[in-house]
Amino acid sequence: MRPSRGLFDLELGDVWRARELLFVLMMRDVQVLYRQAILGVAWAIIQPVFAVIIFTIIFGHFARIASDGLPYSVFAFAGVLIWTYFSESVRRSATALVTDAELVRKIYFPRLIIPLGSVIAPLIEFSIGFVILLLLMFWHGLYPSWHILAIPPLLLVAGALALSMGLWLGPLNVRFRDIKHTLPFMLQIWMYASPIVYPPSIVPPEWRWAYSLNPMVGVIDGFRWAVFGQGQLNLDTLGISVVIIAALLVSGLVFFKRQERVFADVI
């Protein structure tokens, strides 16, 4: 251990050296989540599947919202899938410090490992859901193109946004425990402000610039482009998302590192 050498001394090398601990904590989170569950990992697909069924009936059948020429169930599933990964990563990373309070108090290790593991672990559930999405696409006669190669970079962008939110909300949750009560409401509002049940094209042109300030707009729109291979990737919207996410991530790392020294005392 050594004192900090400056504002941007984030000690990221320590995280890499403790990568085995990161893997152990990540696998522990997965095992604890489904331990003694009758359906086990099936819960990873039950939530998005039922959400898509409800959205398809209400927004696709009754409201007849546009779906960019795609079957609405497939259109909604893609949005729900990437959103579920993001929201679950935010939820876990924002509350992980308090959940692992005993570990934080008893031993020193790079605290950044806790929110980082919380963002990586939901990728397992995302992978299971993605297989279901592919099966649904095949059922409707849709097949992925070479655009599918863009999915890993887009997942990295979504994970970076989730991590940046966890870096800000995690330390705040240590001091103010009502963060965990505010978080579900915030994520619910954010979901309907993102193009999950509707395409970005229904937003009036004069409001597109403001709508693009939501970083998940570029991520979800890009994910659909990568999965279905239709239309053109909106580089302007995605670029705005990347810039905002980069700013949130860097500032979040600095904020998290500055607050790290008092975690054990306050938690």
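## Helix packing and the nonpolar core in a predicted model

Helix α11 is followed by G229, a residue whose phi is positive, near 65 degrees. The structure described here is a predicted model.

**Helix α11**

Helix α11 covers residues 215-228. Its 14 residues should span 20 Å at 1.5 Å a residue, and the C-alpha atoms at its ends lie 21 Å apart, so the two values agree. The helix is mostly covered, with 13 of its 14 residues buried.

Which residues does F223 contact beyond its neighbours within four places in sequence? The partners of F223 are A78, L81, I82, F126, F130, I151 and L154.

**The largest nonpolar core**

F223 is also one of the residues that stand out in the largest nonpolar core, which has 75 residues: F130, L133 and F223 touch the most other members. Helix α4, residues 72-99, supplies the largest share of this core, namely 16 residues.

**Helix α4 against helix α7**

Two packed helices are described by the angle between their axes and the distance between the axes. For α4 and α7, the latter comprising residues 123-139, the axes come within 10 Å and cross at roughly 180 degrees. Angles over 145 degrees count as roughly antiparallel, and α4 is therefore roughly antiparallel to α7. On the α4 side, the contact is made by S73, V74, F77, A78, L81, I82, Y85, E88 and R92. On the α7 side, the contributors are L123, E125, F126, G129, F130, I132, L133, L136 and M137. Sorted by class, this contact has 13 nonpolar, two polar and three charged residues.

**Individual buried residues**

A78 is situated in helix α4 and counts as buried because its relative accessibility is 0%. Residues up to four places away in sequence aside, A78 touches L133, F223, R224 and F228. A78 and I65 are 13 residues apart in sequence, and their C-alpha atoms are 16 Å apart in space.

L97 also lies in helix α4 and is buried, with a relative accessible area of 2%. With residues up to four places away in sequence excluded, L97 touches V104, I114, G170, P171, V174, F256, F263 and I267.

M137 belongs to helix α7; its 0% relative accessibility makes it count as buried. Where neighbours within four places in sequence are left aside, M137 is in contact with V74, L142, Y143, P144, V227 and F228.

V52 is found in helix α3, which spans residues 43-62. Is V52 buried or exposed? V52 is buried, with a relative accessible area of 5%. Not counting residues up to four places away in sequence, V52 touches S73, A76, F77 and V80.

The following table gives C-alpha separations for pairs that include these residues.

| Pair | Separation along the chain | C-alpha to C-alpha distance |
|---|---|---|
| V52 and F130 | 78 residues | 14 Å |
| A78 and I65 | 13 residues | 16 Å |
| L97 and R111 | 14 residues | 8.3 Å |
| M137 and F228 | 91 residues | 8.7 Å |

M137 and F228 are in contact, and their C-alpha atoms are separated by 8.7 Å although they are 91 residues apart along the chain.

**The loop between α3 and α4**

R64 lies in the loop between α3 and α4. Its phi is near 55 degrees, a positive value in a residue other than glycine. R64 counts as exposed, because its relative accessibility is 63% and the threshold for that class is over 50%.

D68 is placed in the loop between α3 and α4. The phi of D68 is near 55 degrees, again a positive value in a residue other than glycine.

Definitions and conventions: Residues are numbered from 1 along each chain as its sequence is written. This is a predicted model: local features need pLDDT of at least 70, side-chain atom pairs count only at pLDDT 80 or more; totals for chains, interfaces and linings use all residues. Side-chain values use heavy atoms; hydrogens and water are left out. A nonpolar core is a set of buried Ala, Val, Leu, Ile, Met, Phe, Trp, Tyr and Cys residues joined through side-chain atoms within 4.5 Å. Buried means under 20% relative accessible area, exposed over 50%, partly exposed in between (1.4 Å probe, protein chains only). Helices (H or I, at least four residues) and strands (E, at least two) are DSSP runs, numbered from the N terminus. Contact means heavy atoms within 4.5 Å. Axes are lines fitted to C-alpha atoms, for helices over the stretch in contact, and angles run from 0 to 180 degrees between N-to-C directions. Angles under 35 degrees count as roughly parallel, over 145 as roughly antiparallel, 65 to 115 as roughly perpendicular and the rest as oblique. Ala, Val, Leu, Ile, Met, Phe, Trp, Tyr, Cys and Pro count as nonpolar, Asp, Glu, Lys and Arg as charged, and the others, Gly among them, as polar. The expected span of a helix is 1.5 Å times one less than its number of residues.
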